[in-house]
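Reader: I am new to this structure and would like to understand the words used for it. Could we go through them one at a time?

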Amino acid sequence: MTPIDEQVPIVLALASHDPSGCTGIQADIETCASLGCHCTSVITALCARDTRDVKDIRSIPTSFLIEQVRAVLEDLPVKAVKLGFLGQVSHVEAIHTILQDYPHLPVVLEPVTQLGDGPAAEAEALRDATKSLLLPLSTLATPDLVEAYELAQQGDTLDACAQEILEYGGEYTLITGSRRTQTHHENRLYNKKGLVREYRWERLNVLSHGGGATLSASISAYLAHGLRLLDAVEQGQNFTWHALAASRRLGMGHSIPNRLFWADRNQSGNRGPGGGC
């Protein structure tokens with residue numbers, strides 16, 4: 001029997017299936033593969049959506065979700081976990097229980113609690129469960145500006161929001177789009193002591209969908225490679241910026257990030273996923 005190849009970092013990703021390929025589990029798979037990782041993909045919900053919007057969502061039964069996750073964790077040497085959209089509160093409860101058996105694994109949480117125009121009550125219940133059960137287990141949460149204020153409804157400033165989010169027990173939070181100007185886009189990384197670092201990126205003149213999934217998946221991949229968290233956060237943003245810069249408009253809605261930008265011979269100046277911007 002061929003011995004197990006332990007040189008390939010493995011990321012366990014949980015997310016919805018987006019058939020347009022903009023975001024969701026396909027974004028996780030493409031990102032991990034682009035960064036030299038193997039992605040074990042657990043689908044939490046099936047979406048009918050295109051490059052413009054969500055038409056319908058069908059959540060996976062919780063018992064089957066548990067079976068998928070347990071099958072992967074009991075067989076493969078997973079190095080990092082990436083959590084995307086979980087379709088219902090029972091999903092959150094199940095993942096909370098499972099992850100407590102694997103406290104050594106870094107967990108990157110993309111706190112998406114609503115896709116499309118679903119019922120507000122369901123989104124609120126899912127948000128509350130995410131705050132109380134998943135944030136405490138997260139190594140890093142990656143909310144955008146809107147998600148940050150939804151998770152921390154008492155926060156009247158961005159710094160206050162970050163601290164409220166971290167009070168649930170996570171180690172770090174990276175708030176993306178914390179400030180936008182005509183020329184730049186800023187992200188802020190916090191821990192319980194306060195602001196750790198600000199990142200400033202050139203603003204891109206392209207309307208893409210899937211940047212959040214690409215960012216959280218790329219940080220997970222770098223953590224699986226063994227990078228320190230601060231290095232993984234910086235490299236993940238760098239990878240995401242290049243993927244967004246190389247976005248392609250393949251449908252009639254948003255452009256789709258090109259997560260294999262470095263393999264496109266027509267993209268000048270891109271020397272690989274680790275290159276600077």
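Author: Let us start with a pair of helices, where helix 7 passes helix 8 in a right-handed crossing. The model is a predicted one, in which local features need pLDDT of at least 70 and side-chain atom pairs count only at pLDDT 80 or more, while totals for chains, interfaces and linings use all residues. Residues are numbered from 1 along each chain as its sequence is written, and side-chain values use heavy atoms, with hydrogens and water left out.

Reader: What makes helix 7 oblique to helix 8?

Author: Helix 7 (residues 211-224) and helix 8 (residues 229-245) pack at an angle of about 140°, with their axes 8 Å apart. Angles under 35 degrees count as roughly parallel, over 145 as roughly antiparallel, 65 to 115 as roughly perpendicular and the rest as oblique, so helix 7 is oblique to helix 8.

Reader: Which residues make that contact, and of what classes are they?

Author: Contact means heavy atoms within 4.5 Å, and among the residues that make it are Leu215, Ile219 and Tyr222 of helix 7 and Val233, Phe239 and Leu244 of helix 8. The residues of this contact divide into 10 nonpolar, seven polar and no charged, where Asp, Glu, Lys and Arg count as charged, Ala, Val, Leu, Ile, Met, Phe, Trp, Tyr, Cys and Pro as nonpolar, and the others, Gly among them, as polar.

Reader: Why are helix 2 and helix 3 called roughly parallel?

Author: The axes of helix 2 (residues 62-73) and helix 3 (residues 89-99) cross at roughly 25° and come within 10 Å, and helix 2 and helix 3 are therefore roughly parallel to each other. The contact includes Leu65, Ile66 and Arg70 of helix 2 together with His91 and Ile95 of helix 3.

Reader: How do you describe helix 1 against helix 7?

Author: Helix 1 (residues 24-34) packs with helix 7 at an angle of about 45°, their axes lying 9 Å apart, which makes helix 1 oblique to helix 7. Among the residues in contact are Ala27 and Asp28 of helix 1 and Ala213 and Ala217 of helix 7.

Reader: How many cavities of 30 Å³ or more are there, and what lines the largest cavity?

Author: A search of the whole structure finds one cavity of 30 Å³ or more, and about 50 Å³ of space lies in the largest cavity. Its lining includes Leu86, Val92, Glu110 and Leu126, and the largest share of that lining, three residues, comes from helix 4 (residues 120-134).

Definitions and conventions. Axes are lines fitted to C-alpha atoms, for helices over the stretch in contact, and angles run from 0 to 180 degrees between N-to-C directions. Helices (H or I, at least four residues) and strands (E, at least two) are DSSP runs, numbered from the N terminus. A crossing is left-handed if the near helix is turned anticlockwise from the far one by less than a right angle, and right-handed if clockwise. On a 1 Å grid over the protein atoms alone, a cavity is a set of points where a 1.4 Å probe fits but cannot get out, and a pocket is an open set with protein on both sides within 12 Å along at least five of seven lines; lining residues have an atom within 4 Å of a point. Grid points are joined across faces, edges and corners, and a volume is the space filled by probe spheres set on the points.
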